[in-house]
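This report describes two protein chains and the contact between them. Please look at the sequence and the model before reading on.

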Amino acid sequence: MAEDTLIAPVEREQRDRVVIRFAGDSGDGMQLAGTQFTAASAMFGNDLATFPNFPAEIRAPQGTLPGVSSFQVHIADWDILTPGDDPDVLVAMNPAALQSNLVDLRQGGLLLINEDAFVERNLAKAGYEVSPLTDGSLEDYHVLTAKMEDLTKLAVKDTGVKGRATLRSKNFFALGLISWMFTRPLEPVIDWVEKKFGKDQPVGLANIAALKAGYNYGITTEAFHHTYEVQPAKLPAGTYANVTGNQALAWGLIAGAQAAAVPLFYGSYPITPATSILEELARRKNFGVRTFQAEDEIAAVGIAVGATFAGHLGVTGTSGPGVALKSETISLAFSTELPLIVVNVQRAGPSTGLPTKVEQSDLLFTLYGRHGEAPLPVIAVQSPSDAYEVAVEATRIATKYMTPVMLLSDGYIANSSEPWRLPDAEDLPDNPVTYATEPNGPDGTFLPYARDPETMARPWAIPGTPGLEHRIGGLEKQNLTGNVSYNPLNHELMTELREEKLQRIAADIPLVEVHGPEDADLLVVGWGSTFGAIRAGVNNVNRSDARVAHVHLRYLNPFPPNLGDVVAGFPKVLVPELNRGQLSRLLRAEYLIPALSYPKIQGVPFKASEISAKILEILDTKDHS
Amino acid sequence: MTDTATRFERSDFQSDQEVRWCPGCGDYTILAAVQSFLSTLDIDRDKHVFVSGIGCSSRFPYYMATYGIHSVHGRAPAIASGLAAANPDLNVWVITGDGDALSIGGNHLIHAMRRNLNLNILLFNNQIYGLTKGQYSPTSEVGKRTKSSPMGSIDYPFNPVSLALGAEATFVARTIDMDRPHTARMLQAAFDHRGSSLIEIYQNCNVFNDKAFLQLTGREERDENRIMLEEGEPIVFGSDNSMGVVIDGAVARIVAVADVGLEAIHVHDPSNPNPAVAFALSRLSHGPLGPTPIGVFRSVDRETYGEAMQEQLIAAQTSQGPGDIDALLHSTGTWTVE
């Protein structure tokens with residue numbers, strides 16, 4: 001009886017979806033708290049999408065606005081497409097995190113604040129003259145404060161961590177509290193901590209103690225009388241994992257190389273946001289994967305080309321600045337007609353730009369950023385799990401057609417995650433590479449530039465194969481023999497033969513599929529990581545009485561053969577992109593249609609609501625015209 | 001070598017392509033030396049790969065009846081590194097020049113040497129840009145007047161041997177295009193060395209920089225100026241071996257043997273793990289002007305990158321078992337939806 005009077009009855013509210021953002025200083029461990037909350041939600045069976053957002057500086061000055069790091073996760077009991085537009089819940093570990101994130105919190109949203117950080121010094125760093133906790137400026141929100149630092153210190157006092165280190169676990173306190181609030185199990189987090197830090201190690205014990213303290217604080221304190229429940233999503237049957245885009249991309253390269261029966265060789269130089277592909281592949285040596293951390297971007301692609309010449313599948317991964325440096329060697333691989341995959345995990349440019357922020361502004365650069373006539377296949381990833389399939393497809397095209405393939409991902413896909421219904425390794429395409437072993441020319445000679453009539457691929461003859469000794473190089477090659485040739489007509493012929501491969505690839509890729517009504521008033525065409533926002537935005541307007549269709553392109557070069565007919569079949573075409581309208585220009589140039597561009601260049605993804613609003617604006621214009 | 005009848009003739013290593021260097025170019029003698037050397041080995045043509053960058057010397061692979069790739073300016077060491085790492089059984093030769101290796105490709109050269117990939121790097125040093133018709137190079141002497149330095153070059157040049165030693169190379173040698181027997185010996189030594197071997201070859205460009213190495217090749221001058229480095233021998237040179245080299249702290253000095261006695265003369269040991277003495281020897285001449293060491297400066301053993309990479313693959317497969325894609329996909333936390 002006495003207990004009942006101490007603890008207020010907890011109201012458990014059912015929600016179909018919640019968007020939570022963890023925000024704090026870069027050193028506060030917000031990415032970790034968010035990732036662990038995501039993992040627990042995934043194990044619980046929610047559909048989810050995440051959006052990590054952090055500064056390029058490893059540790060910007062503590063407590064400042066540039067130092068704020070955040071992790072947004074959207075959990076739902078239905079199939080969602082984006083990490084959510086506006087958070088319902090904002091965890092603010094310090095005044096700077098509140099200052100820079102409050103603008104996104106929806107009206108009436110829940111604010112969970114680490115009260116201990118709201119001291120004069122931190123308030124000043126964030127530009128507050130008066131504490132927002134006391135000046136009434138937060139009255140539109142539901143504010144909950146907790147002395148997270150004091151409570152964490154108390155919680156960890158018997159774990160063996162000392163001094164300032166006792167504060168490091170405060171992210172786990174926040175995680176524990178949020179876990180209680182959203183009825184998440186703690187076990188997955190505890191298991192992870194024990195694996196990561198070792199059982200009975202002070203840091204691990206402190207993190208677990210803080211986690212439980214946060215959870216229990218939720219149970220015992222009267223301030224929090226409300227929890228939320230988001231039921232597991234009704235996703236298609238199967239086994240799921242929660243993976244980031246870079247992880248899935250690395251796995252796809254491994255799987256694709258295995259399907260092609262060719263060893264994978266990854267040459268790379270660390271660069272944000274591509275580095276974790278190198279790290280992931282470096283852990284997979286038991287697959288026969290070789291990783292080579294090169295001295296620079298140019299060496300990384302050179303090493304990959306050398307490995308390909310030796311019979312491996314050379315892959316190099318980087319971001320835009322790295323592709324710029326690799327350009328000359330990519331042309332060599334194109335000219336020598338060797339397989340190569342160049343992964344560009346795009347980030348906001350130009351120059352160093354915003355290294356940790358998303359952008360799609362390398363599309364035209366990828367298509368045209370080489371000297372000479374050097375058209376290459378370009379394919380793009382649309383979501384974290386899609387990276388696996390696209391990487392497998394890149395290996396298929398590169399090895400089947402003996403060509404470099406440009407694979408576009410971006411910083412948003414790289415770091416964010418979604419539940420992925422795991423494919424079966426048995427479903428991998430079966431395209432084993434055949435290396436040349438026999439002479440193919442007259443009198444037992446070898447013609448390195450004789451071609452497969454179907455694919456236009458030249459034979460892949462690797463050093464160590466007797467009788468097929470030949471020389472390749474960057475100078476123009478005589479057709480068939482590969483000998484150096486300055487003949488004018490031969491140069492034109494070779495240029496056309498290399499280009500012809502693109503036509504053959506076009507005949508070997510799926511047609512685009514239209515989502516939504518075939519007789520829609522508007523077609524939205526997108527590519528890459530805008531998929532979720534566009535699809536959600538289109539679905540939203542179609543739920544009212546709009547008639548809008550969506551096409552999302554994986555193949556940017558060559559375009560799928562039916563794309564021209566598809567785009568010509570709609571009265572209006574809208575192209576939202578995180579650049580200044582690059583795909584819209586391509587569509588205009590290729591199909592002579594007045595495609596409308598919807599550019600966004602802010603280093604953050606589209607919100608679904610922005611897409612819906614733009615669609616309605618365009619449809620509205622039509623109605624009144 | 002002498003008692004084994006070899007299976008090959010020099011012509012077995014000549015491709016059917018017409019050699020197109022300027023008449024009288026030192027590259028012809030080096031090409032002949034390399035082809036002849038390969039014919040002495042009991043190794044099939046398909047096990048050799050020649051990788052080059054851009055420049056006069058970089059046309060070399062087209063003239064070899066082996067595998068070859070004429071690549072991108074300066075990048076031959078990188079491309080060769082990929083080949084050697086992917087297939088450590090290949091004999092990978094890098095053909096490069098002073099501009100290719102030391103200017104545009106300097107970064108790749110030093111890193112290839114430090115990593116000790118199994119490469120034989122032949123650096124044709126003619127101290128000039130030939131293919132672009134006569135601009136100063138990173139080994140041209142200060143004051144050199146060329147089309148791009150009409151008032152004389154103000155670029156202080158590299159000493160390629162010093163650079164290689166500084167880059168932790170495990171094998172560094174120097175030879176001269178006009179000395180075929182010595183070139184052959186250096187090729188053999190570099191070939192026998194497991195790891196990155198660099199041979200600086202003084203190569204005469206008779207069109208744009210003729211007689212740059214006259215002090216080492218001229219009939220009158222060469223005996224006084226060639227300091228032949230021979231393992232286990234005191235370093236003496238000149239007429240009647242009257243001159244010698246002593247190592248004095250960190251400095252190599254040229255002395256009259258009569259002044260110090262033969263026992264004071266430094267006995268050459270390229271296998272010395274400390275590269276300081278080899279470096280001191282490399283500083284005896286710059287240019288080269290005056291007495292200049294020729295031969296193997298350094299030859300030490302260190303595990304090659306390719307071997308170490310192979311060992312890690314085997315260790316990973318032994319401890320984790322061969323890779324299984326399904327197991328990989330299920331390696332993070334998974335859950336099942338019915």
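This is a predicted model: local features need pLDDT of at least 70, side-chain atom pairs count only at pLDDT 80 or more; totals for chains, interfaces and linings use all residues.

Residues are numbered from 1 along each chain as its sequence is written, and chains are lettered from A and ligands numbered from 1 in the order in which they are written.

**Chain A**

The secondary structure of chain A consists of 20 helices and 22 strands; these are DSSP runs (helices H or I, at least four residues; strands E, at least two), numbered from the N terminus. Three further values for chain A are listed here.

| Property of chain A | Value |
|---|---|
| Span of the C-alpha trace along its principal axes | about 100 × 65 × 45 Å |
| Buried residues | 54% of the 625 residues |
| Contacts joining residues at least 24 apart, among those at least 6 apart in sequence | 76% |

A residue is buried if 20 or more other C-beta atoms lie within 10 Å of its own, exposed if 12 or fewer, and partly exposed in between, with C-beta atoms placed from the backbone. A contact means that the C-beta atoms of two residues, placed from the backbone, lie within 7 Å.

**Thr318(A)**

Thr318(A) belongs to strand β12 (residues 313-318) of chain A. Thr318(A) counts as buried because it has 26 C-beta neighbours inside 10 Å.

**Contact between the chains**

Chain A gives 59 residues to the contact and chain B gives 52 residues. On the side of chain B that touches chain A, the elements with two or more residues include α2 (76-86), α11 (305-320) and β12 (334-337) of chain B. The most comes from α2(B), with eight residues. This side of chain B has 23 nonpolar, 21 polar and eight charged residues; Ala, Val, Leu, Ile, Met, Phe, Trp, Tyr, Cys and Pro count as nonpolar, Asp, Glu, Lys and Arg as charged, and the others, Gly among them, as polar.

Strand β9 (residues 238-244) of chain A pairs with β12(B) in the antiparallel sense over four bridges. Pairing requires that DSSP finds at least two bridges between two strands. Gly238(A) has Val337(B) as its bridge partner in β12(B).

**A sheet in chain B**

In chain B, three strands form an open antiparallel sheet in the order β8-β9-β10. Its edge strands, β8 (236-237) and β10 (251-256) of chain B, each pair on one side only. Two bridges join β8(B) to strand β9 (residues 243-248) of chain B, and Phe237(B) stands opposite Met243(B) in β9(B).
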